[in-house]
Amino acid sequence: MSLWENFVGGLTGLFDFMGRRSDQIAELTLEHFWLVLTAMIIAIAIGITVGVLISYWDPIAYPVINVTQVIMTIPSIAMIAILIPFFGIGFNNGVAALTLYALLPIVRNTYTGIRAIEKAVLESAIGMGMKESVILFRIKLPLALPVIMAGIRTSVVMGIGIGAIAAYIGAGGLGILIFNGINWVNYPMVWTGAIFISIMAIIADLVLGWTENKMSWRT
Amino acid sequence: MIRLENLTKKFTPTDPPAVDDLSLEIKEGETCVLVGPSGCGKTTTMKMINRLIEPTSGKIYINGEDSSKMDPIKLRLGIGYVIQEIGLFPHMNIAENIATVPRELKWPKEKIWKRVDELLETVGLEPEHFRNRKPKDLSGGQRQRIGVARSMAADPPIMLMDEPFGALDPITRAHLQNEFLRIQKRIKKTIIFVTHDIDEAIKMGDKIAIMRKGKLVQYDSPEDMLSTPANEFVVNLVGGNYSIKRLHLIRVDEIIDRSPFTASPEGTISETKALLDKSKLGLVVITDEKKKVIGLVIPAYLKKEGEYNADIMEETGATVGLGSTLNDALSVMLSSGQGYVIVVDEKERIEGVVTLNGIMGVLQDDD
């Protein structure tokens, strides 16, 4: 068989698989989506809070950012294993792992977004008599928002990819197609999982990129 | 009234103090200019008044009340604050920027927006046109006007201004200085104004406080500062040429010739020629029915072909406002190459003419 015939054969097999298993694919895609969404909501809440807190106290900012950076370097399969004693296996473990991975971009971008605000803007705000809480919510966060959004976007796209690994400990999602496909030497199955994860990541990237632009005060 | 009593600020225990045992009294409604070389402690002094910096020792009394015992937020809401970098909020439009302090004071909405429009008018910007624009769409001069408007929003009795016009080009700076003087004449705020430019200090101040290395060197009116400098340092800072410096002190309305001949663009040339023959100034100002200056005719233009003034007059870009100093008038004359400048009010209507001879007369009176 030539390479071309191999390719055409593979493609036919892929479409055939997708056609036959469309219900399961849809279900797994939704599962994957929920897994990432849950993790992101938690990561955004924690990440922005931590980012804001460390922006008030520089000595602690770099250690905190470094810790989140170290977390990111842990291989995802190891991370999931490490979390088993705390979260068992299943959905919760997957959410916890994704949350930890998502922290760094959000924490770092919140911190740098706030620190990058022109000094004169903050000085005039304080000098005019605005309270710190008002400055945070009306000046600092709105001005840092485009940078924070960029961090969230990075986290989401990354989370959709890493989310595949979570299937290994039964958290569900499109990773199931990849792992089962490998075990059963079913390449159309592996491809389907990979393709749908990519499509989801691309859509998320586009949507968040658009939101980022809409929210930017610069335009 | 603001009273500084033995005010000292040390940023580190070892370095010499940034402000060293400074005592100063600023009367209500007066503009006090803190001036001196960089690092003399003028900005630090100013920032201690609204407690952006807390003094190491000494007291500040505002209308007799010890400011260290006041709530800093309340204190600052009652003190307008303008800095060189302005610090407008880039994500808010102009109206929202100006509304900052009234919003903090929880004014009702209608009152806030009415006040915003009023302030835009005060600083010479059309509310319709500017209200909804973002700071980045404005020029440097316009932004600084907004900065001033924002600081005056809640009508604070005291204003702190740190080199407010320092980043502007000389022409815009002179323009904004004059405008601010005009506004101040009406609103009578107590102003602490920081600058390193002695000419600006002479122009803007009712009182000038010259500082050096954290200490007060001399505190006097501009006139006294010029005539009796306390020591060598003041002499050097003020610079020689007392007469020229005095041009910053005198306003054009003191030597203005209020009766220049005027004519309409529809007037005939022969009439204008007759006026020119009688005119001591040697010029006839052409104005429209609202007294707005649209051009002028000098004897040289009579040689041109035409029947009516409109045919021979030339536009004059060289005008100054009523609040301008003789120094402003002189620079306009120097740049236009003419020995006169037309003085107009804020609506560009004619007020009179200032001539080079008039300015020379002032300088000669001094000697």
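**Close-up 1. Residue classes in the lining of the largest cavity of this predicted model.** The lining divides into 6 nonpolar, 1 polar and 2 charged residues. B:Val123, B:Val148, B:Phe165, B:Leu176, B:Phe180 and B:Ile183 are among the lining residues. B:Gln144, B:Arg145 and B:Glu179 line the cavity too. The space inside is about 70 Å³.

**Close-up 2. Helices around the largest cavity.** Two elements of chain B give two or more residues to this lining: helix 7 (140-151) and helix 8 (170-187). Helix 8 of chain B gives the most, with 4 residues. In total, the structure holds 3 cavities of 30 Å³ or more.

**Close-up 3. The second largest cavity, lined by residues of chain A and chain B.** About 50 Å³ of space lies here. By class, the lining has 8 nonpolar, 2 polar and 2 charged residues.

**Close-up 4. Elements of chain B at the second largest cavity.** Helix 2 (72-77), strand 6 (79-83) and helix 7 of chain B each supply at least two lining residues. Strand 6 of chain B gives the most, with 3 residues. Helix 7 of chain B also gives two or more residues to the lining of the largest cavity.

**Close-up 5. The interface of chain A and chain B.** Here 19 residues of chain A are in contact with 24 residues of chain B. The buried area is about 1900 Å², and carbon and sulfur atoms give 64% of it. A:Glu123, A:Met128 and A:Arg138 supply 34% of the area that chain A buries against chain B, more than any other three residues.

Close-up 6. Residue pairs in polar contact, both at pLDDT 80 or more, number 5.

**Close-up 7. The side of chain A that touches chain B.** Helix 6 (119-127) and helix 7 (132-162) of chain A each supply at least two residues. Helix 6 of chain A gives the most, with 7 residues. The residues on this side divide into 11 nonpolar, 4 polar and 4 charged.

Terms used:
Residues are numbered from 1 along each chain as its sequence is written. Chains are lettered from A and ligands numbered from 1 in the order in which they are written. This is a predicted model: local features need pLDDT of at least 70, side-chain atom pairs count only at pLDDT 80 or more; totals for chains, interfaces and linings use all residues. Side-chain values use heavy atoms; hydrogens and water are left out. Contact means heavy atoms within 4.5 Å. Buried area is the accessible area (1.4 Å probe) that two parts lose on being put together, summed over both. A polar contact is a pair of N or O atoms within 3.5 Å; within protein, one must be able to donate a hydrogen and the other to accept it, and residues adjacent in sequence count only if both atoms are side-chain atoms. Ala, Val, Leu, Ile, Met, Phe, Trp, Tyr, Cys and Pro count as nonpolar, Asp, Glu, Lys and Arg as charged, and the others, Gly among them, as polar. On a 1 Å grid over the protein atoms alone, a cavity is a set of points where a 1.4 Å probe fits but cannot get out, and a pocket is an open set with protein on both sides within 12 Å along at least five of seven lines; lining residues have an atom within 4 Å of a point. Grid points are joined across faces, edges and corners, and a volume is the space filled by probe spheres set on the points.
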